[in-house]
Amino acid sequence: MKLFWSPRSPYVRKVMVTAHEANLAGKIETTSIVVSGMSVSTDFHATNPLARIPTLITEDGEVLFDSSVICEYFDSLGGGHLQPAEGKEHWQVKRNHAIGTGMMDNLLPVRGEVLRPAQEQSAGFIKAGEEKFMLCCDWLDKNIGTINRPQFDLGQIAIGTGLAYADFRFPHLDWRKNRANLAGWAERVHARPSFVSTQHIDK
Ligand SMILES: N[C@@H](CCC(=O)N[C@@H](CS)C(=O)NCC(=O)O)C(=O)O
């Protein structure tokens, strides 16, 4: 399988952590690609009309995106142990997956904003995006019992990846402060081999 990839993208990291947890990492050939909200990559649009990463080409040539679809695909290839098949826990894990991905959706536009020339940046936009992320951290800290399932899952992968992206690009947010439940949970998750072997690199 071929994955359009970047070591800076939290969405890419989420699918790579999933690949490791599903025992598929050795089957993935990564192709490094630079994408940006500030430019249009017409070549890549021919592969993925959204021109976003991650984008996966499966072994039978199907193109899959976005990150959540790819995670579910990897889980199906790996035997389906990263998401309960049905019942209340199925929906909780899907919901948790959406929270983790949504935390990335909160921070990515802020990252784009701070890279713009200083005189074009909106302080209000930056503040709102960061606050929305922090409100998610509050919710997770309070609801850690529905996140911390003994069987590791796609929800925990997404939340762990969202928090790790904040550590990479937004260390000033100090999200661990006054959130001991979430900080303790994240310490264990970030020590997993799947996270250790997929660190962000700024290149
Ligand atoms: N909803 C998508 C979001 C992916 C995404 O936005 N990736 C960024 C890189 S971190 C991207 O491709 N940006 C290109 C652009 O904004 O045009 C997913 O979950 O895969």
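Predicted model: local features only at pLDDT ≥ 70, side-chain atom pairs only at ≥ 80, totals over all residues.
**Notebook: ligand site and domains**

I started with Ile 53: one of its backbone N or O atoms lies 2.8 Å from a nitrogen atom of the ligand, a polar contact by my cut-off (a pair of N or O atoms within 3.5 Å). The protein covers 80% of the 510 Å² of accessible area that the ligand has on its own (Shrake-Rupley method, 1.4 Å probe).

Residues are numbered from 1 along each chain, and side-chain values use heavy atoms, without hydrogens and water.

Next I looked up Arg 52, where a polar side-chain atom lies 2.6 Å from a ligand oxygen. At Ser 36, a polar backbone atom is 3.4 Å from an oxygen atom of the ligand.

Then I listed the shell around the ligand (a heavy atom within 4 Å): Ser 9, Tyr 11, Val 35, Ser 36, Gly 37, Arg 52, Ile 53, Pro 54, Asp 66, Ser 67 and Leu 108. By class I get five nonpolar, four polar and two charged residues, with Tyr and Pro counted as nonpolar and Gly as polar.

Last, I checked the domains: the assignment, automatic or from a database, gives domain 1 (2–77) and domain 2 (87–193).

How values were computed:
Polar contact = N/O pair within 3.5 Å; in protein donor to acceptor, adjacent residues only side chain to side chain.
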